[in-house]
Amino acid sequence: MKYYSTNGQAPIADLQKAVVKGLAEDRGLYMPERIEKLPKAFFDNIQDMTFQDIAYNVASNFFGEDVDEDALQEIVYDTLQFDCPVAKITDDIYTLELFHGPTLAFKDVGARFMARLLRYFIGRANSVAHRTVNVLVATSGDTGSAVANGFLGVEGIHVYVLYPKGKVSPIQECQFTTLGQNITAIEVDGVFDDCQTLVKSAFMDAELNEHMMLTSANSINVARFLPQAFYYFNAYARMKTLGKADNLVMCVPSGNFGNICSALFGHEMGLPIKRFIAANNANDVFFNYLQTGKYEPKASIQTLANAMDVGNPSNFARIYDLYGQSHERISALISGATYKDEQIAEAMQQCYKQTGYILDPHGACGYRALQEGLQPGEVGVFCETAHPAKFKEKVDAILGIDIDIPARLKAFMEGEKQSVEMSKEFADFKAYLMHQ
Ligand SMILES: *Cc1c(COP(=O)(O)O)cnc(C)c1O
């Protein structure tokens with residue numbers, strides 16, 4: 001499969017280059033030149049298949065030309081060591097729980113898949129050179145833990161997670177500072193934007209790039225965002241078993257729009273979803289685009305659902321390209337919703353009181369958008385993108401409860417923190433990396 005850049009000014013790439021480089025030379029996002037439909041027989045039998053088997057069919061439709069069959073099968077099965085169930089909330093609203101992975105958030109699938117696919121490509125390219133590939137990732141919380149755990153113990157790859165000192169919750173911090181092995185946590189004396197600037201400067205520094213092989217693992221990478229489509233095929237299969245799959249509305253709490261973009265790719269592969277809702281917090285750039293046809297990025301606003309605090313969603317470029325830049329096509333298939341913190345808290349309280357289900361602040365946006373936007377005859381599924389215990393302080397305060405911390409999360413909290421202290425000056429970061 002060939003990949004082109006959404007900016008149209010970079011050379012066509014193959015999958016290996018798209019995965020290793022992440023971003024095209026013209027700073028556009030890589031797009032596959034075509035998306036194949038899956039056969040009717042697959043959808044006819046999907047309800048009898050496991051999450052892993054469904055995912056392998058989808059992966060093979062997408063990556064089959066570029067990855068050996070056995071290797072791809074191993075990558076998929078090794079990535080999906082956990083389930084992705086649907087739970088009933090009301091008669092017509094269901095939730096797709098995307099938080100059963102190692103760090104209890106949906107980014108686990110993309111991070112694990114990318115680590116294994118990158119390892120596969122390095123293994124082929126490096127048979128002589130044996131150079132370590134270094135992944136740099138800046139995080140305000142969730143991305144760092146998913147990437148660190150996804151790449152943990154993967155041979156030939158070292159991960160540096162940069163995070164702002166004192167600005168990440170203790171529950172999040174322990175998920176990437178206690179791992180050791182090939183994961184180094186770098187505690188930057190600054191804010192998230194400083195971390196991101198250090199990473200960007202590193203990619204642009206010629207001397208550093210000669211000294212070590214650098215790559216990124218953010219959600220613009222084809223290997224990170226696309227595997228999330230597995231979730232949506234599984235949702236359809238599980239809803240079909242329940243006899244509820246005929247008029248499905250899929251609602252995705254969105255920040256950088258990588259997750260919903262993978263669902264839209266699934267739709268292009270033939271997945272029978274009637275329409276989509278992108279649920280946002282107070283960061284309403286996409287919502288406004290749907291109303292006006294104008295895309296106007298803003299600075300991000302801090303909210304209760306902080307993994308969605310994005311003022312310029314990077315995957316918008318992919319959605320725009322996928323539908324031929326047509327506002328009409330985009331707004332016919334996707335609608336939007338935007339909620340302030342008070343509305344998010346209200347949705348969490350209402351859902352808990354009436355159904356007993358504990359939402360996290362991100363999922364709560366999705367739940368509320370379905371409550372307000374579902375038409376008669378439709379069945380809605382919203383993604384629960386993280387386990388509520390990841391946001392324990394907020395959830396406890398809003399619901400007046402003391403939510404249990406799952407054993408997996410507790411285990412991280414018992415580990416010993418290891419981190420490297422760093423100033424926000426690039427010269428210091430560079431000097432550190434030059435000694436590695
Ligand atoms: C990353 C994240 C999101 C947003 O996903 P995008 O793919 O960036 O749209 C939503 N919820 C949680 C919990 C997240 O970690």
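1. How many of the 13 residues of H3 are buried? In this predicted model, H3 is mostly covered, with 10 of its 13 residues buried.

2. The length of helix H3, which runs over residues 51-63, can be checked against its geometry: at 1.5 Å a residue its 13 residues should span 18 Å, and because its end C-alpha atoms are 18 Å apart, the two values agree.

3. Turning to the ligand, 15 residues surround it, and the closest are Lys107, Asp142, Gly255, Asn256 and Thr385. The residues of this shell divide into 6 nonpolar, 7 polar and 2 charged.

4. A polar side-chain atom of Asp142 lies 2.7 Å from an oxygen atom of the ligand, while a polar backbone atom of Asn256 is 2.8 Å from a ligand oxygen atom. For Thr385, a polar side-chain atom lies 2.8 Å from a nitrogen atom of the ligand. Of the 390 Å² of accessible area that the ligand has on its own, the protein covers 97%.

5. Helix H12, made up of residues 258-268, is also mostly covered, since 9 of its 11 residues are buried. The buried residues of H12 include Gly258, Asn259, Ile260, Cys261 and Ser262, and Ala263, Leu264, Phe265 and Gly266 are buried too. After H12 comes Gly270, whose phi is positive, near 110 degrees.

Terms used. Residues numbered from 1 in each chain as written. Predicted model: local features only at pLDDT ≥ 70, side-chain atom pairs only at ≥ 80, totals over all residues. Heavy atoms only, no water. Helix = DSSP H or I, 4+ residues; strand = E, 2+ residues; numbered from the N terminus. Expected span 1.5 Å × (residues − 1). Buried < 20%, exposed > 50% of the residue type's maximum accessible area, 1.4 Å probe, protein only. Near = heavy atom within 4 Å. Polar contact = N/O pair within 3.5 Å; in protein donor to acceptor, adjacent residues only side chain to side chain. Areas by Shrake-Rupley, 256 points an atom, 1.4 Å probe, with all protein chains shown as cover. Nonpolar A, V, L, I, M, F, W, Y, C, P; charged D, E, K, R; others polar.
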